[in-house]
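Me: I would like a close look at one part of this model, with the rest of the chain as background. Please keep the account plain and give the cut-offs for the terms.

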Amino acid sequence: MPDLPTTPRGAATSRRILDAAAEEFAGHGIAGARIERIIAAAHTNKAQVYGYFGNKEGLLDAVVADCVEQSTDALPFDAEDLPGWAVRIYDQNLERPTLVRLIAWIRLERRPVGRWFDNVEHAHKIEAITRAQAAGRLRPGDPFDLLTLVISMASAWSPASSVYTATADEPPAEHDRRRALLRACVAGAVAPAPPAV
């Protein structure tokens with residue numbers, strides 16, 4: 001992310017731009033997003049947007065980095081409790097679906113194959129899974145694949161789902177049922193192999 005202003009007024013403006021741009025990109029995709037709508041929603045001007053972020057691509061990169069940072073801060077990773085982490089991802093996707101919608105657009109418009117993120121963003125998670133596997137607390141296998149599986153299971157009802165997208169206004173019992181299923185399925189998927197008889 002670019003160096004953002006440090007004055008209170010500049011920080012407030014850049015925050016409004018990031019928030020408005022996140023909604024715009026999540027709602028319209030990269031190609032469909034319009035700087036004019038972002039400017040109007042952020043109550044700013046084109047000079048400030050381009051001065052802070054360079055161009056539309058730079059703004060998108062800053063939005064994604066900001067959303068990932070907010071997600072990471074809100075969802076501390078614990079390799080010893082992947083089922084609980086998966087449930088927290090489910091809840092975050094309900095409460096704040098912007099990041100998963102951005103990822104879906106990035107998949108469609110920017111990176112249709114391979115990883116959508118840089119390794120640095122998940123390096124600490126991979127290392128924690130590797131340590132838990134070495135200690136026999138998680139199933140063996142590629143740690144990145146295990147992380148991918150857990151995130152995919154947690155996102156099964158998210159806006160990226162090809163089957164069903166849940167919303168926060170559904171009955172709480174529906175969410176509780178899904179959380180219980182998700183927790184149990186992730187626990188089974190990551191459990192270490194039973195000792196050989």
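How many positive and negative side chains does the protein chain have, and how far apart do the centres of the two sets lie? After that, please go through helix H4 (residues 56–74) in detail.

Reply: The protein chain carries 22 positive and 25 negative side chains, with the centres of the two sets 2 Å apart. Lys and Arg count as positive and Asp and Glu as negative, leaving out His and the chain ends; each charge is placed at NZ of Lys, CZ of Arg, CG of Asp or CD of Glu.

This is a predicted model, in which local features need pLDDT of at least 70 and side-chain atom pairs count only at pLDDT 80 or more, while totals for chains, interfaces and linings use all residues. Residues are numbered from 1 along each chain as its sequence is written, and side-chain values use heavy atoms, without hydrogens and water.

First, the background. The protein chain has nine helices and zero strands; helices (H or I, at least four residues) and strands (E, at least two) are DSSP runs numbered from the N terminus. Its C-alpha trace spans about 70 × 35 × 35 Å along the principal axes. Of the 197 residues, 41% are buried, where buried means under 20% relative accessible area, exposed over 50%, and partly exposed in between (1.4 Å probe, protein chains only). Among contacts (heavy atoms within 4.5 Å) with a separation of 6 or more, 65% join residues 24 or more positions apart.

Now the helix itself. H4 has 19 residues and runs 27 Å from its first C-alpha to its last, close to the expected 27 Å; that expectation is 1.5 Å times one less than the number of residues. At the start of H4, a side-chain oxygen of asparagine 55 comes to within 3.1 Å of the backbone nitrogen of glutamate 57. The buried residues of H4 are Gly58, Leu59, Leu60, Ala62, Val63, Val64, Asp66, Cys67, Val68 and Ser71. They pack against helices H1 (8–32), H2 (35–42), H3 (46–53), H5 (82–95) and H6 (98–109).

The loop between H2 and H3, two of these partners, contains histidine 43. Histidine 43 is not a glycine, yet has a positive phi of about 55°; with a relative accessible area of 63%, this residue is exposed.

At its start, a side-chain oxygen of aspartate 142 comes to within 2.8 Å of the backbone nitrogen of phenylalanine 144. Buried residues of H8 include Phe144, Leu147 and Met153, and the cover over the buried set includes H5, helix H7 (123–134) and helix H9 (172–190). H5 also packs against the buried residues of H4.

Between H8 and H9, the loop holds glutamate 170, which is buried at 14% relative accessibility. The side chain of glutamate 170 makes a polar contact with that of tyrosine 164 at 2.3 Å; such a contact is a pair of N or O atoms within 3.5 Å, and within protein one must be able to donate a hydrogen and the other to accept it, with residues adjacent in sequence counting only if both atoms are side-chain atoms. The glutamate 170 side chain also reaches the backbone nitrogen of threonine 167 at 3.1 Å.

Proline 172, in H9, is exposed at 61% relative accessibility. Its C-alpha lies 25 Å from that of glutamine 70, 102 residues away along the chain.
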